[in-house]
Amino acid sequence: MWRWRGGGNGTEYASDGSSWRALEYSAADWSLPAKMRGGPVAKVAKLARGTATNAAASCVGVGFAVLAPRMAPLLGIGAILADDDGPKRGIFFIIRFILLRLGKRPPAFLDILDGGDVHGSARAPLPFSLDAIFVALRPFSHASAALFGARFLLPSLCPYEWRSITFYRRLAPILWRCFRTKGAAERSLRKGKRRKAAALWHRRHEAESANLIKLLLHLKGFYLKLGQVMASKGDILPPAYCRQMARLFGDLPPISFSEVRDIVEFELDIDDLEDVFESFDRQPVAVGTIAQVHRAVLWGDGGKGGDGGDGDGGDGEGG
């Protein structure tokens, strides 16, 4: 039979007749009458609060990952390590399991799983500043784990969708920096400093046009065609962008010969290039946005060379 009593510090205790143990309630529990704490209503309230917190943290995490891509991974790792009851517990369990299967002794910091209380084994208290940082990062633990999982799984599971996500993810910081420059330029214009405003825009366009062409060269295929279209829009785009995009009409970086070999062998349904071609030049004759041309000689051609395409991989990944 359970008995209840209140503690002097606001903590409630329960006993089964042999020992007392402290009851830990969330804020949602304490907002309910004493008899309802720990009941179905409290569980629903706690679930709703956790869902809302995770949704808000996910939105903030996605925004931070877009606007500060270099700092986001560090803060994400910190958020995961800050929450003992979050993804950190599962990650540590996997690490411990692997080490034990390999016959290795797990490090001491993984002993969080061995404790009897809900927070794991007892540890020395953290410095106040570090503890405050962990408290601030703790709500982002689940969101960070989800974002890291998406980052590593989506490129393999959804490659085409991931290309679109990558484009908008890397385009968003460019647009954000241009938006900030717009505000700075408008403030300069209100003060009558036209030359300063023009200089701000000139530096911004030069920097972001270089970032944009790097993005298009990374994604290749359709995005290179998009850049070629932008190069011809000098009536609506600043000169820096048209000048950078004009580079896409010349020679583009070729894909590696190993990729060419894989594409040709797949398209021709052969085991090896030597089964069909007497020779196959490793260096391309020309490289375009969605195709790459190599000179090759078929067996039985009497020594006459023929041009063979590498196949562009459908959506231009090979181009």
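**Note on the helices, ring pairs, salt bridges and cores**

1. Arg261 has a relative accessible area of 22%, so Arg261 counts as partly exposed. The model is predicted, and every value below is computed from it. Arg261 forms a salt bridge with Glu265, the closest N and O atoms being 3.5 Å apart. Both residues belong to helix H11, which spans residues 257–268. They sit 4 residues apart, about one turn of the helix. Is Glu265 buried or exposed? Glu265 is buried, because its relative accessible area is 13% and the cut-off for buried is under 20%.

2. How many salt bridges does the structure hold? The count is 7. One of them joins Lys182 to Glu186, with the closest N and O atoms 2.8 Å apart. Lys182 and Glu186 both lie in helix H7, 4 residues apart, about one turn of the helix. Lys182 is partly exposed at 38% relative accessibility. Glu186 is partly exposed too, with a relative accessible area of 34%.

3. Arg204 pairs with Glu208, and their closest N and O atoms are 2.7 Å apart. Glu208 has 1% relative accessibility, so Glu208 counts as buried.

4. Leu219 is worth a look in the viewer. Leu219 lies in helix H8, which runs over residues 194–219. Leu219 is buried, with a relative accessible area of 5%. Which residues does Leu219 contact, leaving aside its neighbours within four places in sequence? They are Arg163, Thr166 and Phe167. Take Arg163: this residue is 56 residues from Leu219 in sequence, yet the C-alpha atoms are 6.9 Å apart in space.

5. Phe167 can be followed from there. Not counting residues up to four places away in sequence, Phe167 touches Leu215, Leu216, Leu219, Tyr223 and Leu226. The largest nonpolar core has 17 residues. Those with the most contacts inside that core are Phe167, Leu212, Leu216, Met245 and Leu248. H7, H8, H9 and helix H10 (239–245) each supply at least two residues of this core. Which helix gives the most? H8 does, with 5 residues. A second, separate core of 9 residues includes Val260, Ile263, Val264 and Ala296. For context, nonpolar side chains in soluble globular proteins tend to be buried together.

6. The aromatic rings come next. A ring pair is described by the distance of the centres and the angle of the planes. The structure has 6 aromatic pairs. In one of them, Phe167 and Tyr223 have ring centres 5.0 Å apart and planes at 35°, so the pair is tilted. The cut-offs explain the label: stacked needs planes under 30 degrees apart and edge-to-face needs over 60, so an angle between these counts as tilted. This pair links distant parts of the chain. Phe167 is in helix H7 (residues 159–190), Tyr223 is in helix H9 (residues 222–231), and 56 residues separate them. Both Phe167 and Tyr223 are buried. Ring pairs also link Phe167, Tyr168, Phe222 and Tyr223 into a cluster.

7. Phe277 and Phe280 form another ring pair. How are their planes set? The centres are 5.2 Å apart and the planes are at 80°, so the pair is edge-to-face. Phe277 counts as buried at 10% relative accessibility. Phe280 is buried at a relative accessible area of 15%.

8. Last, the cysteines. A disulfide is a covalent bond between the sulfur atoms of two cysteines. How many disulfides does a search of the whole structure find? The search finds 0. Cys178 is buried, with a relative accessible area of 15%. Cys242 is buried as well, at 12%.

Definitions and conventions. Residues are numbered from 1 along each chain as its sequence is written. This is a predicted model: local features need pLDDT of at least 70, side-chain atom pairs count only at pLDDT 80 or more; totals for chains, interfaces and linings use all residues. Side-chain values use heavy atoms; hydrogens and water are left out. Buried means under 20% relative accessible area, exposed over 50%, partly exposed in between (1.4 Å probe, protein chains only). Contact means heavy atoms within 4.5 Å. Rings of Phe, Tyr and Trp (its six-membered ring) pair if their centres lie within 6.5 Å; planes under 30 degrees apart count as stacked, over 60 as edge-to-face and the rest as tilted. A salt bridge is a side-chain nitrogen of Lys or Arg within 4 Å of a carboxyl oxygen of Asp or Glu. A disulfide is a pair of cysteine sulfur atoms within 2.5 Å. A nonpolar core is a set of buried Ala, Val, Leu, Ile, Met, Phe, Trp, Tyr and Cys residues joined through side-chain atoms within 4.5 Å.
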